Amino acid sequence: FDFDRLDELHANPLKIVVVGHTNHGKTSTIRTLTEDAKFGKVGDGRTTTGIEYKRNHINGKTTYLIYDTPGFENLDDLLIEVQRKLTINRHPHIDEIVHHLGFDRDDKSELAYRTLDQIKDCDVVIYVIDIREPVQQCYKDEIECLQKSTVPLVVTFNYSKTDASDKESWTKYLKAIGIHTFSEFDAHA
């Protein structure tokens, strides 16, 4: 690390956003990365209900901000809705979804809107996957939507140390869509 560049980094810290499906371990991942077991507010359903962030400091200078987000629960439905309204035969881009939802959103789509809007303001997206889950269309829709954004995407396998993980299927799917680099993590290991 180049300590001579701290002032420069402090003036423009790296912004990282952690996203993924509901209950896939986004908050746990951030807690481990930041070594802060108390980070994040979760609701009664043990899920994140808003966007929060944590600053990382070195010698009092901010090096990065890491944002925790509510999980995607209905992004696939929103993609279909926006696709239909825009009369396009492809998944809409994040900008198109945010623009559409900016005018027409309800309680159900508010959290997805805020998460997608946060992505637009960040330098890196970390998508956390609970690889105990099989590859499903809703997860494919989320990943492929994020892949179309202009923000670099890092895919992280969570629960990779469990016997129930389906790493092989996830690896095969990701490689098929052009994602060949991903990290493995286990929030509980």
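Trainee: Where does Thr-22 lie in this predicted model?

Mentor: Happy to start there. Look at the two elements on either side: strand S1 covers 14–20 and helix H2 covers 26–34. Thr-22 lies in the loop between strand S1 and helix H2.

Trainee: Is Thr-22 buried or exposed?

Mentor: Its relative accessibility is 15%. Buried means under 20%, so Thr-22 counts as buried.

Trainee: Which residues is Thr-22 in contact with, leaving aside its neighbours within four places in sequence?

Mentor: Good one to check on the structure above. With those neighbours within four places set aside, the contacts of Thr-22 are Thr-47, Gly-71, Phe-72 and Glu-73.

Trainee: Let's turn to the rings. How many aromatic pairs does the structure hold?

Mentor: One of them joins Tyr-139 and Trp-170. The total for the structure is four.

Trainee: Why is the pair of Tyr-139 and Trp-170 tilted?

Mentor: The ring centres of Tyr-139 and Trp-170 are 5.9 Å apart, and their planes stand at 40 degrees. Planes under 30 degrees apart count as stacked and over 60 as edge-to-face, so this pair, at 40 degrees, is tilted.

Trainee: How many residues apart are Tyr-139 and Trp-170?

Mentor: Tyr-139 sits in helix H6 (residues 137–147) and Trp-170 in helix H7 (residues 167–176). The pair links distant parts of the chain, 31 residues apart.

Trainee: Are Tyr-139 and Trp-170 buried or exposed?

Mentor: Tyr-139 has a relative accessible area of 4%, and Trp-170 has a relative accessibility of 0%. With under 20% as the cut-off, Tyr-139 is buried and Trp-170 is buried.

Trainee: Which charged end sits over the ring of Tyr-159?

Mentor: It lies 3.7 Å from the centre of the Tyr-159 ring. The residue is Arg-132.

How values were computed. Residues numbered from 1 in each chain as written. Predicted model: local features only at pLDDT ≥ 70, side-chain atom pairs only at ≥ 80, totals over all residues. Heavy atoms only, no water. Phe/Tyr/Trp six-rings, centres within 6.5 Å; stacked < 30°, edge-to-face > 60°. Helix = DSSP H or I, 4+ residues; strand = E, 2+ residues; numbered from the N terminus. Buried < 20%, exposed > 50% of the residue type's maximum accessible area, 1.4 Å probe, protein only. Lys NZ or Arg CZ within 6 Å of the ring centre and 35° of its normal. Contact = heavy atoms within 4.5 Å.
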